[in-house]
Amino acid sequence: MLDAIGTVARLGLAAVWLISGAIKAADPNQTYAAVRAYQILPAGAVAPVAAVLPFLELAFGLLVLVGIGQRLMGVLSAALLLVYIAGVAQSWARGLTIDCGCFGGGGQVAAGQTQYPQEILRDIGFLALAVWLAVRPRSLFSVDGWLRRGRADTVDQEQDDADGPARSAVGRT
Amino acid sequence: MAGGKRNNRNTSQKQKQSAAAAKAVAAARSGKRDLTRIIGAVVVVVVIAAAVVGGVLFEQHKKSAAAETVIPAKTVAGSANYPVTIDKADATVLAGKTDAKVTIDAYEDFECPICKDFESANFTNVEKQLQSGTVKVRYHMINLLDGSSVPAGYSSMSANTALAVATVAPDKFIDFHYSLYQTQPEENGPGWTQAQLTSLANRLGVRGAEFDKLIADRTYYQQIQTNLDNASKNKALFQQAGGGQPTFGTPTIVVNGKVVNWQANTSWLRDAVKAAYPTS
């Protein structure tokens with residue numbers, strides 16, 4: 001049952017990264033405008049970050065989708081989402097009027113058209129998926145599971161798969 | 001008793017054995033787990049590194065593709081039929097006969113896509129009126145979108161180059177202006193470089209030490225910025241944009257001192273000419 005929830009979290013997070021990455025990759029100039037609108041990065045850093053970001057998100061999406069290095073991907077996804085949330089929060093705090101450009105779009109918007117609370121809430125939802133994977137990186141149909149099972153004796157499959165809890169138990173003894 | 005001892009020994013041996021077996025299984029299992037984790041981490045690092053490298057390469061490809069563009073030089077045949085003069089102090093260019101009753105002030109940015117739309121929609125009609133002497137156009141080339149190119153500053157650079165063209169060879173200004181809107185760089189993309197802009201001017205026949213110095217010294221940069229600052233404070237030029245407060249933007253088209261909504265009213269030019277020349 002928990003594995004099923006993990007699977008849903010994993011596929012959901014993969015969809016988030018793949019969709020947002022694909023939209024950003026399809027319109028690099030818009031992505032550049034979106035990154036620049038946050039007014040955080042120095043002028044020279046905006047272009048490289050805007051160029052890399054879509055591919056990074058697509059890579060995250062692919063890795064999460066196949067379920068390899070699930071705990072690591074959960075941690076990395078959570079870290080990137082925290083950066084995004086911080087970015088939106090600082091825009092809100094500084095009184096910038098921008099669209100987060102989370103799924104395409106981005107850049108300046110009229111004063112009354114910001115949606116900071118919604119954007120942050122949505123990102124927190126995504127963050128929950130990532131945290132789930134980081135804390136309990138077990139899900140169905142993952143490469144991680146296949147790697148463990150494929151080369152393993154079938155004894156105690158359940159225990160063997162319990163990557164997280166088993167490791168902490170070992171650590172304690 | 002003896003049997004019991006042996007039994008005990010057997011039991012303890014068995015326990016030892018099974019404990020050892022359990023240890024081995026656990027070791028094997030944790031080894032497997034470690035291996036899985038290592039494989040996972042390696043794959044993650046490799047894929048992410050590939051994505052980052054891919055992004056950088058893509059960015060560089062885009063830059064070099066833009067740098068290789070040769071802006072086609074276009075000439076406007078009828079532009080010899082009216083005078084073009086530059087006001088150096090004001091950094092504006094006036095095209096058309098001085099006694100024309102309709103004065104258009106065009107605030108444009110070479111980076112701005114809607115300015116290109118304006119030019120595409122109105123160039124032919126404006127050109128016709130310029131030639132017939134009913135309209136004169138004052139071009140205010142400003143740098144509103146300096147931040148929207150990579151590297152920043154294409155707006156200033158292109159405006160300065162256009163003004164340098166107008167200084168050295170006023171009769172080529174219309175050609176240069178037209179060519180640059182025909183082949184506009186993408187907004188938020190890499191703009192044309194100074195070399196590309198200079199090449200366009202050269203191919204239109206504008207060259208020489210004076211021109212090169214105007215480019216090298218960035219002669220008009222200061223006044224271009226001043227013009228932008230003044231326009232941004234001038235409420236008479238403000239327009240409603242989106243849902244927000246009216247602000248200054250590009251293009252702003254002013255006919256005899258009044259901003260026109262050229263997008264909503266496509267007959268704005270015909271109306272203006274008719275009002276100024278009721279009999280014709």
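Within chain A, of the contacts with a separation of 6 or more, 72% link residues 24 or more positions apart; two residues are in contact if their C-beta atoms, placed from the backbone, lie within 7 Å. The structure is a predicted model, in which local features need pLDDT of at least 70, side-chain atom pairs count only at pLDDT 80 or more, and totals for chains, interfaces and linings use all residues. Residues are numbered from 1 along each chain as its sequence is written, while chains are lettered from A and ligands numbered from 1 in the order in which they are written. The predictor assigns the complex an ipTM of 0.80 and a pTM of 0.68. For chain B the average pLDDT (the predictor's confidence in each residue, from 0 to 100) is 89, and 92% of the residues score at least 70.

Chain A contains eight helices and two strands, arranged from the N terminus as α-α-α-α-β-β-α-α-α-α. Helices (H or I, at least four residues) and strands (E, at least two) are DSSP runs, numbered from the N terminus. Of the 173 residues in chain A, 43% are buried. A residue is buried if 20 or more other C-beta atoms lie within 10 Å of its own, exposed if 12 or fewer, and partly exposed in between, with C-beta atoms placed from the backbone.

The contact between the chains takes 32 residues from chain A and 30 residues from chain B. On the side of chain A that touches chain B, two or more residues each come from α2 (28–37), α3 (43–66), α4 (70–94), α6 (143–150) and α8 (163–172) of chain A. The most is given by α3(A), with 11 residues. This side of chain A divides into 22 nonpolar, four polar and six charged residues; Ala, Val, Leu, Ile, Met, Phe, Trp, Tyr, Cys and Pro count as nonpolar, Asp, Glu, Lys and Arg as charged, and the others, Gly among them, as polar.

In chain B, six strands form an open sheet of mixed pairing in the order β1-β2-β4-β3-β5-β6, where two strands pair if DSSP finds at least two bridges between them. Its edge strands, β1 (84–87) and β6 (258–259) of chain B, each pair on one side only. Strands β2 (residues 92–95) and β4 (residues 135–141) of chain B run antiparallel and are joined by three bridges, with B:Val93 opposite B:Tyr139. Helix α2 (residues 113–132) of chain B packs on the sheet, touching β2, β3 (102–108), β4 and β5 (252–255) of chain B, and its direction makes about 150° with that of β4(B). Axes are lines fitted to C-alpha atoms, for helices over the stretch in contact, and angles run from 0 to 180 degrees between N-to-C directions.

Four bridges join the antiparallel strands β3(B) and β5(B). B:Val255 of β5(B) stands opposite B:Ile104 and also opposite B:Lys258 in β6(B). Strands β5(B) and β6(B) form a hairpin with two residues between them, and B:Asn256 in the turn has a positive phi of about 45°.
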